[in-house]
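Here's a walk through one protein chain, taken a piece at a time. Keep the structure open while you read.

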Amino acid sequence: MAFVRDKIMEMLSLAIAPLLESANNPSLIPPSIELTTPKATQHGDYATNAAMTLTRVLKRNPREIAGEIIAHLEDTHGILERTEIAGPGFINFFVKPQAWLGILHEILTDPLHYGRQNLGLGKRVQVEFVSANPTGPLHIGHGRGAATGDVLARILSACGYLVDREYYINDAGNQMNTLGASLYYRYQELLKESVEFPEGHYQGEYMKELAREFFEEVGERYSKVPLEEALPHFSRYTGERILKGIQEDLDAFGIRFDNWFSEQGLHDAGVIEKTIEELREKGYIYEHEGATWFRSTEFGDEKDRVVVRANGISTYFAADLAYHKNKFSRNYDLLVDIWGADHHGYMERMLAGIQAMGRNRRDLQIILVQLVNLLRGGKPVAMSTRAGEFVTLKEVVDEVGKDAARYIFLTRRSDSPLDFDLDLAKTQSNENPVFYVQYAHARLCRVFEVARERGFSFQWSPLQMEECMQRLNLPQEAMLLKMLGEYPATLASSARSLEPHQIPYYLHELVSNFHSYYNQNRILGDDFQLSKARLCLAAAVKEVIANALHLLGVDAPHRM
RNA sequence: GCGCCCGUAGCUCAGCUGGAUAGAGCGUCGGACUUCGAAUCCGCAGGCCGCAGGUUCGAAUCCUGCCGGGCGUACCA
């Protein structure tokens with residue numbers, strides 16, 4: 001109960017309890033209490049709409065209820081300056097400036113741990129993301145999915161979930177043969193004058209490069225070998241090489257997976273048939289016009305879906321059903337799938353699938369990531385996936401750096417399309433959001449360097465600092481302390497709604513408050529006690545910035 | 001046709017489990033460096049929250065219809 005917010009929540013719950021009892025209706029579920037931070041300062045530091053939501057239950061006028069809540073409210077922690085009833089029935093809380101100081105203690109005793117909490121109660125979560133087909137290098141759109149999945153995993157982990165990251169490799173089916181054949185033709189091109197490159201194959205530049213490397217390894221050994229005979233080797237070789245490239249690109253982007261799951265493995269183990277049989281026993285499978293269907297309409301899908309085609313070959317969806325069944329069998333409480341938004345039409349059947357397996361619909365959360373419009377200097381960069389011409393994740397990371405790329409990917413809700421301007425991501429100016437935040441951190445580091453040069457030996461220790469912290473009584477200082485205190489709530493909200501973008505928004509606001517404070521006030525001055533106090537505050541701001549950046553997988557530089 | 005997502009400041013977007021006067025960045029214009037990093041800060045301007053109804057004490061937020069945009073709509077993966 002260290003934070004002001006928690007203390008008020010606690011006091012408020014206690015004050016409301018007697019009102020609910022007096023309502024003489026034990027079946028009543030207490031409405032969820034909301035404690036918001038009002039935009040306007042005259043509305044206090046915190047406000048609750050509790051009285052208004054209680055009108056429905058208690059059938060009385062909200063201002064009257066608010067009065068009773070306040071009457072029952074005991075300021076056991078001695079943190080409230082005053083409370084008031086305002087507007088239609090808000091209760092506004094005005095916090096004593098001194099009450100905020102406890103946050104410094106909280107942050108500085110264990111900076112990296114600050115904000116961590118046990119929201120997840122140790123529940124096991126799997127986040128599956130990227131899962132791009134191993135038929136070519138990752139492009140920029142995959143990068144956004146990668147950043148989203150990775151940061152979501154970090155956030156959930158910080159909030160007390162046990163998280164695994166997984167990549168599903170679509171290494172089964174005909175596309176791997178097509179891939180192998182593509183290499184075969186490019187290889188033949190290197191040996192002969194001209195080769196007809198057939199339609200529908202992977203014709204990107206990366207395949208030509210791969211062919212050259214392959215040629216250097218094997219020479220002309222396969223020049224006379226017919227396609228059918230060479231194909232298995234070519235397919236395996238291409239698949240492995242491309243997957244390796246994907247792994248390297250992700251590594252450079254700061255992303256590691258706990259598990260790489262092969263679709264082919266499901267086929268080999270016969271789990272797909274088994275899954276279909278299990279669903280058949282439950283009555284969700286039927287035959288129609290030579291094909292085998294899954295009754296997904298049972299769970300709200302608009303039509304039933306084919307799992308085994310009339311030609312006897314199972315569909316991709318069938319493998320996905322088996323895959324998700326496998327995930328649940330590994331004892332995850334919650335599955336998070338990160339998909340490209342163009343797959344949204346697939347959602348309902350997948351949700352139907354897990355419900356048919358006896359799972360709750362909520363046990364699978366599907367996050368849709370919208371596409372990235374790549375710009376350069378404000379103008380769209382032409383991309384055509386069909387012709388195999390696209391800007392790869394590697395190119396972007398090489399050009400703008402991991403930090404800028406990750407940060408920009410996360411500055412929007414994932415289901416909103418994103419404009420990514422390569423020039424802007426590189427400019428080291430105020431147009432670039434990541435530098436704004438990193439600059440604040442570097443600036444703070446510099447303050448501590450200067451402090452040392454001037455003989456301040458800043459070392460956090462609660463007893464020593466408590467006295468001078470009382471000097472922090474500027475409104476701006478209270479504001480900063482309060483924002484620092486809101487970090488855990490922001491993290492929790494981000495985890496609950498599975499929305500990583502809340503972190504960059506919080507960071508920007510915190511940093512903006514800091515820059516403003518910094519420009520108006522001097523941290524190091526003639527007043528030794530005051531300087532010491534402000535160094536405490538500065539240290540806390542620096543730590544929370546670093547903490548949040550770390551959560552985003554972005555560096556917090558000491559110099560820029 | 002049907003389904004999903006989206007229409008908020010000139011531009012790009014937050015805010016959406018209903019709450020007080022709708023916010024930020026960029027851009028425009030005007031200010032602040034003898035002082036810890038001006039990659040910063042301060043200020044001005046900018047809005048029928050796509051349109052029309054409905055529910056409510058209260059709607060950008062929920063419901064319905066319409067208009068406009070994106071995506072999906074395979075016995076492809």
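## A mixed sheet and its helix

Start with an open sheet of three strands, ordered β14-β13-β15, whose pairing is mixed. The edges belong to β14 (379-380) and β15 (418-421); each has a single partner strand, so one side of each is left without a neighbour in the sheet. Bear in mind that this is a predicted model.

Within that sheet, β13 (residues 372-376) pairs with β15 in the parallel sense, over four bridges. Lying across β13 and β15 you'll find helix α14 (residues 402-409), which runs at about 160 degrees to β15.

## An antiparallel sheet

Now move to another open sheet, again of three strands: the order is β8-β9-β10 and the pairing is antiparallel. Here β8 (285-288) and β10 (305-308) stand at the edges with a single partner strand each, so one side of each has no neighbour in the sheet. From one strand to the next, the twist averages 45 degrees.

β8 and β9 (residues 291-294) run antiparallel and are joined by four bridges. Glu287 has Thr292 of β9 as its bridge partner, while His288 stands opposite Ala291 in β9. The hairpin of β8 and β9 has two residues between the strands, and Glu289 takes a positive phi near 50 degrees there.

Here are the residue pairs mentioned so far, side by side:

| Residue | Opposite residue | Strand of the opposite residue |
|---|---|---|
| His288 | Ala291 | β9 |

On the α10 side, the contact is made by Val271, Ile272, Thr275, Ile276, Glu278 and Leu279; on the α11 side, by Ala318, Ala319, Leu321, Ala322 and Lys325. By residue type, the contact of α10 with α11 divides into eight nonpolar, one polar and two charged.

## One face of α4

Which residues of helix α4 (residues 102-109) are buried? They are Ile103, Leu104, Ile107 and Leu108. Seen down the axis of α4, these buried residues fall within an arc of 115 degrees, so they line one face of the helix. What they pack against is a set of helices: α17 (462-469), α18 (475-485) and α21 (528-552).

## Stepping back

Zooming out, chain A holds 21 helices and 15 strands. Its C-alpha atoms fill a box of roughly 85 × 65 × 40 Å along the principal axes. Of the 560 residues of chain A, 51% count as buried.

The contacts tell you something about the fold as well. Take those in chain A between residues at least 6 apart in sequence: 72% of them join residues at least 24 apart. The packing of α4 against α17, α18 and α21 can be picked out on the model if you'd like a place to look.

Note on methods. Residues numbered from 1 in each chain as written. Chains lettered and ligands numbered in written order. Predicted model: local features only at pLDDT ≥ 70, side-chain atom pairs only at ≥ 80, totals over all residues. Heavy atoms only, no water. Pairing = 2+ DSSP bridges. Contact = heavy atoms within 4.5 Å. Axes fitted to C-alpha atoms, helices over the stretch in contact; angles between N-to-C directions. Nonpolar A, V, L, I, M, F, W, Y, C, P; charged D, E, K, R; others polar. Buried < 20%, exposed > 50% of the residue type's maximum accessible area, 1.4 Å probe, protein only. Arc of directions from axis to C-beta.
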